[in-house]
Amino acid sequence: MSKNLVVGLLAAAFAMGLPTASAHAATSYTSTSHTSTTQTTAAQTTAAAPPIHWGPVQSRSGHHGYAKADVWTTRFTAETFVVSGTLYDRDAHSGHCAYVRARFHYVGGGTGWARPKTTCASRGSFRLSSDGQIKRVDVKVCVLDRPRRTTLKCYADAITPAIIANWPQ
């Protein structure tokens, strides 16, 4: 459960005047403690799992070059999904840079974009993270035209658990 959801639920309970503590606190504490320990163990197992190498995602080529990202992801069971890797600028034009962005499709519905990362150097690292558990991510790689502030030659890969389910670990 994301932090924003928990804070929102507590705020709603407080605003409605619902009791936040009760006579069952001792009983609740024992079961909450067990649940919390189980969740912590599951989170540690997920965090300890090695990242998945998706591979290269490359923008379409133009007459000046292209942008490329070597993409790694966390497991889809992670509370916060992370797309990371190395971004390569392979465009000879001086005003062009490499650009990567991720669109997360959340389990509870809705989508959200991560802030884009760019590099005008030959290579740079990136890390894009979600705000909660997701069911799909679209990784978009483009060439960024800095003087015009526009993206060119974009290409996006959709990554889902079904696609990577049978990959060798």
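Which strand is the place of Gly85? Gly85 sits in strand β3, which covers residues 82–91.

## Before we dig in

What you're looking at is a predicted model, where local features need pLDDT of at least 70, side-chain atom pairs count only at pLDDT 80 or more, and totals for chains, interfaces and linings use all residues. Residues are numbered from 1 along each chain as its sequence is written, and side-chain values use heavy atoms, with hydrogens and water left out.

A quick word on labels: helices (H or I, at least four residues) and strands (E, at least two) are DSSP runs, numbered from the N terminus.

## The four-stranded sheet

Strand β3 belongs to an open sheet of four strands, lined up as β1-β2-β3-β7 with antiparallel pairing. Here, two strands pair if DSSP finds at least two bridges between them. β1 (52–58) and β7 (123–129) are the edge strands; each has a single partner strand, so one side of each has no neighbour in the sheet. On average, neighbouring strands of this sheet are turned by 20° against each other, direction ignored; the axes behind such angles are lines fitted to C-alpha atoms (for helices over the stretch in contact), and angles run from 0 to 180 degrees between N-to-C directions.

Now look at β1 and β2 (residues 65–73): they run antiparallel and are joined by six bridges.

## Around Gly85

Is Gly85 buried or exposed? Gly85 is buried, because its relative accessible area is 15% (buried means under 20%, exposed over 50%, partly exposed in between, using a 1.4 Å probe and protein chains only).

Leaving out residues up to four places away in sequence, Gly85 touches Asp70, Trp72, Gly124, Ser125 and Phe126, where contact means heavy atoms within 4.5 Å. Pro56 is 29 residues from Gly85 in sequence, and their C-alpha atoms are 9.5 Å apart in space.

Arg149 lies in the loop between β8 (134–145) and β9 (150–159). Arg149 isn't a glycine, yet its phi is positive, at about 55°. With a relative accessible area of 76%, Arg149 is exposed. Lys153, found in strand β9, is not a glycine either and has a positive phi of about 55°. Lys153 counts as partly exposed, at 35% relative accessibility.
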